Amino acid sequence: MELRTTTAANIAIDSTGKKLALKGLSVLGKLILIGYAVLTLYPLYWLFISAFKTNEDFFKNPYSLPHAWMIENITRAWKLGNMGRAMLNSTFVTITAVILTLVLGILAGYVLSRFEFRFKKVAVTLFLAGLLIPIHSTLVPLFLMMNKIHLLDTYWALILPYTAFELPLAVFLAIGYMASIPREIEEAAMIDGNGWWGVFGRVIFPLCSPIVATISILAFLRFWNDFSFALVFINSQVLKTLPLSLSLFSDGFGTDYSLTMGAMAIAVIPTIAVYLILQDQIMKGMVAGSVKG
Amino acid sequence: MPTALRSKGFIALALLPALLLFVVFVIVPIFWSAYYGVFEWKGIGASKFIGAGNYREILQDPIFWRALKNNLILVISAIIGQIPIALLLALVLVKNSFFSRFIRSAVFMPMVLSTVVVGLIWGYIYHPQFGLVNTILEAVGLESWTRAWLSVPHVNIFAITIPINWSNIGPYMIIFIAALQNISSEIYDAAHIDGAYGRKRLFYVTLPMIWSTVVVTMVLCISGSLKAFDHVMVMTQGGPAQSTELLATYMYNNTFRVYRYGYGSAVSTIIMIISALLIGINYILTRRKER
């Protein structure tokens with residue numbers, strides 16, 4: 001696949017879109033679009049109203065607002081599903097893996113964009129191949145491998161594969177971004193007596209904040225929402241991440257529908273909050289990430 | 001200025017951690033699965049070398065072919081469902097007005113949800129007794145259309161494509177909007193002078209300009225559909241009677257439910273080969289001859 005040198009910074013969603021727009025949408029067009037948006041959001045709305053109903057209310061009046069708002073669904077689900085623990089696990093695993101991805105990815109991207117050395121082509125090709133490898137084809141061998149080195153059922157069984165699979169994208173986003181940093185800055189920093197580590201730590205990394213944002217957002221969403229790795233690599237109750245506990249919760253309390261909906265509501269709220277706050281960055285990051293990937 | 005030796009040390013120390021982690025956890029497993037694929041192995045005890053035995057068995061297993069077919073259904077539904085809708089939305093929402101930003105963020109929202117949540121919500125929506133789909137059909141007098149959407153073979157795999165499309169249209173729309181906004185207005189001015197506007201402009205100017213993006217989204221659809229696993233695991237686990245099995249769930253069920261590690265590894269290798277083939281075919285088909 002062709003790699004573009006555009007970075008998140010210059011894929012400008014907000015730039016001039018005026019001339020290209022079909023000249024003003026008709027009222028009918030707007031209504032259709034609103035209808036489509038409502039259709040898209042309806043499952044989520046339905047989840048939230050159902051999460052606050054009694055089971056009886058849920059069966060009898062699937063569309064209407066709850067007759068009595070059952071906050072207990074949420075609190076009971078939180079307790080029964082051990083959701084606090086799951087959220088802590090997800091947070092710890094996600095943050096550690098995001099930090100690792102950022103540091104290792106940007107460092108590698110810097111080296112690959114600035115230096116000439118013998119195995120550079122090999123390294124770039126390897127990372128490039130990594131963008132195309134279907135994750136699930138590695139589940140079985142990874143399971144066997146981590147079983148052998150006693151890594152299964154630890155936080156590292158998630159952190160290390162998450163980071164490894166996110167690295168190719170991070171590396172290529174970083175390589176693309178480095179092109180926009182003038183080399184003169186590094187030369188100046190060297191004259192000031194910095195070695196390469198100093199140049200990277202004091203000058204380059206601080207200049208990388210836009211790409212740090214993009215990489216973190218993509219990595220956060222991927223790690224926070226991951227199900228398959230957690231399903232295969234984690235077994236013990238206390239290490240389960242949010243998506244994994246949620247799927248088990250629905251297996252265990254599957255017939256208590258509104259309770260399960262309550263658990264889902266708990267799991268969904270943080271992601272939606274993050275989305276509402278950062279939606280522009282998330283959208284830009286997704287574009288940058290997928291055009292590369 | 002640092003010496004060449006010092007830069008060498010820096011290169012090694014800065015690149016190696018990333019490269020090592022990546023090679024150990026992404027590249028090496030591919031070879032491991034190719035290696036394990038030629039053994040009959042239950043995970044414990046001795047493994048037995050059986051050559052191409054696993055592969056032969058896979059290719060003779062009708063469930064494998066059903067899984068492959070289901071995966072292809074997902075690929076096709078993604079290409080004919082997600083891309084055209086996303087492109088249409090992008091064309092009408094390219095302007096940065098308040099209205100279009102609002103619609104965009106609504107359409108994009110499902111993307112940030114965990115696949116488990118998406119699977120569970122839609123599992124309820126399809127529920128035979130109280131699911132939204134059936135209650136709506138009853139309300140409008142189409143009782144005969146109601147069914148157990150996730151249980152009836154040949155219907156359920158199509159039912160599963162809808163939530164997947166639901167969550168993936170948003171990002172493709174945003175990718176298309178970015179591509180459309182990258183077309184410079186001079187091109188449109190020139191097209192206007194040449195008498196291209198309306199539909200003509202769409203087909204002769206706009207679409208060719210973003211064709212490379214369309215190709216990228218097709219590749220994403222293919223690789224994304226081959227990754228489909230979570231939705232099915234949550235909604236049907238590949239059942240009933242393995243009617244919604246996908247390649248990835250077929251691999252998972254054979255490995256972690258019946259503990260045939262060698263067989264599962266062989267399936268993994270086949271998934272790798274198929275996805276490489278599909279991406280290659282797509283590349284050849286969509287490569288434009290000019291330029």
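In this short talk I will go through the two chains, the contact between them, and a handful of individual residues.

Before anything else, please keep in mind that this is a predicted model, in which local features need a pLDDT of at least 70 and side-chain atom pairs count only at pLDDT 80 or more, while totals for chains, interfaces and linings use all residues. Residues are numbered from 1 along each chain as its sequence is written, and chains are lettered from A, with ligands numbered from 1, in the order in which they are written.

On confidence, the model has an ipTM of 0.86 and a pTM of 0.87.

Let me start with chain A, which has 13 helices and 0 strands; here helices are DSSP runs of H or I with at least four residues, strands are runs of E with at least two, and both are numbered from the N terminus. The C-alpha trace of chain A spans about 75 × 60 × 35 Å along its principal axes. Of its 293 residues, 46% are buried, where buried means that 20 or more other C-beta atoms lie within 10 Å of the residue's own, exposed means 12 or fewer, and partly exposed is in between, with C-beta atoms placed from the backbone. If we take the contacts in chain A with a separation of 6 or more, 78% of them join residues 24 or more positions apart, a contact being two C-beta atoms, placed from the backbone, within 7 Å.

Chain B, by comparison, comes to 13 helices and 2 strands. Its radius of gyration is 24 Å, well over the 19 Å from the globule rule for 291 residues, so chain B is more spread out than a compact globule; the radius is taken over C-alpha atoms, and the rule is 2.2 Å times the number of residues to the power 0.38. The C-alpha trace of chain B spans about 80 × 75 × 35 Å along its principal axes, and 46% of the 291 residues in chain B are buried.

How do the two chains meet? In total, 81 residues of chain A are in contact with 79 residues of chain B. On the chain A side, helix α13 (residues 257-292) gives the largest share, with 12 residues, and the residues on that side divide into 58 nonpolar, 19 polar and 4 charged. In that count Ala, Val, Leu, Ile, Met, Phe, Trp, Tyr, Cys and Pro are nonpolar, Asp, Glu, Lys and Arg are charged, and the others, Gly among them, are polar.

The largest nonpolar core has 174 residues, and M264(A) and F176(B) touch the most other members; such a core is a set of buried Ala, Val, Leu, Ile, Met, Phe, Trp, Tyr and Cys residues joined through C-beta atoms within 7 Å. Helix α7 (residues 156-178) of chain A gives the most to this core, with 17 residues. Leaving out residues up to four places away in sequence, M264(A) touches L47(A), A51(A) and L246(A), and from chain B it touches V117(B), L120(B) and I121(B).

After α6(A) comes H150(A), whose phi is positive, near 55°. D153(A), in the loop between α6 (139-148) and α7 of chain A, has a phi near 60°, and counts as partly exposed because it has 15 C-beta neighbours inside 10 Å. N82(A), in the loop between α3 (71-80) and α4 (83-114) of chain A, likewise has a positive phi, near 55°. In general, most residues other than glycine have a negative phi.

Finally, T286(B) lies in helix α13 (residues 261-286) of chain B, and is partly exposed, with 14 C-beta neighbours inside 10 Å. Beyond its neighbours within four places in sequence, T286(B) is in contact with V215(B) and M218(B); T286(B) and V215(B) are 71 residues apart in sequence, yet their C-alpha atoms are 6.7 Å apart.
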